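My notes follow in the order I made them.

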Amino acid sequence: MINKKIKTDSIAIIFSVIYLFLMNFIFMPCGIKEDGTFMNCHYAYRMILVCIVSILILSIIKFFIKNKYVGIGIIISTIIILIISIIIPNNIIPLCMIKTMRCHSIMVPANNIFAIIFIILSVVEIYIYKKP
């Protein structure tokens, strides 16, 4: 059980770091406007980054937790944060009006794909944690 727990916790931390790196440097939204202000998609992007950083922090905390029920609780909270990160763009914070802009064509699909993969990994991790 301990080896499986360490492996799944390590995978969660590594995937969180990859998710944060890709969303921060490759799948960014539209850039700054000429007048120095940002479009709405920038704020949705920042909220997604907050969700990813909180998932990374929870994954690191889970790495040091010995109690499996606390670990399952952390995994469930991670799933909730991932669902929130999917809901943020277009539902909580509106994005740009033009559907071909970078926020619609790159940021949102990349975030949704990574979040869904992470949710699947988290569900598998709950299954591994629940095994006696």
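**Entry 1: Ile81.** I started with Ile81, which sits in helix α3, spanning residues 68–92. A reminder to myself before going on: this is a predicted model. Is Ile81 buried or exposed? I found a relative accessible area of 17% for Ile81, and the cut-off for buried is under 20%, so Ile81 counts as buried. Next I looked up what Ile81 touches, setting aside neighbours within four places in sequence: the contacts are Cys51, Ser54, Ile55 and Leu58. I also checked Ile81 against Ile52, which is 29 residues away along the chain, and got 8.3 Å between their C-alpha atoms.

**Entry 2: the whole chain.** Then I stepped back to take in the fold. I counted four helices and zero strands in the protein chain, and reading from the N terminus the order is α-α-α-α. Along the principal axes, the C-alpha atoms fill a box of roughly 55 × 20 × 20 Å. The protein chain has 132 residues, and 40% of them count as buried. I looked at contacts between residues at least 6 apart in sequence, and 80% of these join residues at least 24 apart. For the accessible surface I noted about 7,600 Å², with 75% of that belonging to carbon and sulfur atoms.

**Entry 3: Ser59.** My next stop was Ser59, in helix α2, which covers residues 40–64. With a relative accessible area of 2%, Ser59 is buried. Which residues does Ser59 contact, leaving aside its neighbours within four places in sequence? I wrote down Ala12, Ile13, Ser16 and Phe118.

**Entry 4: charges.** I went looking for salt bridges and found one in the structure. Glu125 pairs with Lys62, and their closest N and O atoms are 2.4 Å apart.

**Entry 5: a nonpolar patch.** Moving to the surface, I picked out a nonpolar patch formed by Ile11, Ile113, Ile117 and Leu121. Together these residues have about 330 Å² of accessible area. Which helix gives the most to the patch? That is helix α4, residues 102–130, with three residues. I took a second look at Ile117, which lies in helix α4. At 38% relative accessibility, Ile117 counts as partly exposed, because partly exposed runs between under 20% for buried and over 50% for exposed.

Entry 6: Last, I checked Asn90, which lies in helix α3. Its phi is near 80 degrees, a positive value in a residue other than glycine. I flagged this because most residues other than glycine have a negative phi. Asn90 counts as partly exposed, with 39% relative accessibility.

How values were computed. Residues numbered from 1 in each chain as written. Predicted model: local features only at pLDDT ≥ 70, side-chain atom pairs only at ≥ 80, totals over all residues. Heavy atoms only, no water. Patch = residues over 30% accessible without salt bridge, like charges linked within 9 Å, V, L, I, M, F, W, Y side chains within 5 Å. Areas by Shrake-Rupley, 256 points an atom, 1.4 Å probe, with all protein chains shown as cover. Salt bridge = Lys/Arg side-chain N within 4 Å of Asp/Glu carboxyl O. Helix = DSSP H or I, 4+ residues; strand = E, 2+ residues; numbered from the N terminus. Buried < 20%, exposed > 50% of the residue type's maximum accessible area, 1.4 Å probe, protein only. Contact = heavy atoms within 4.5 Å.
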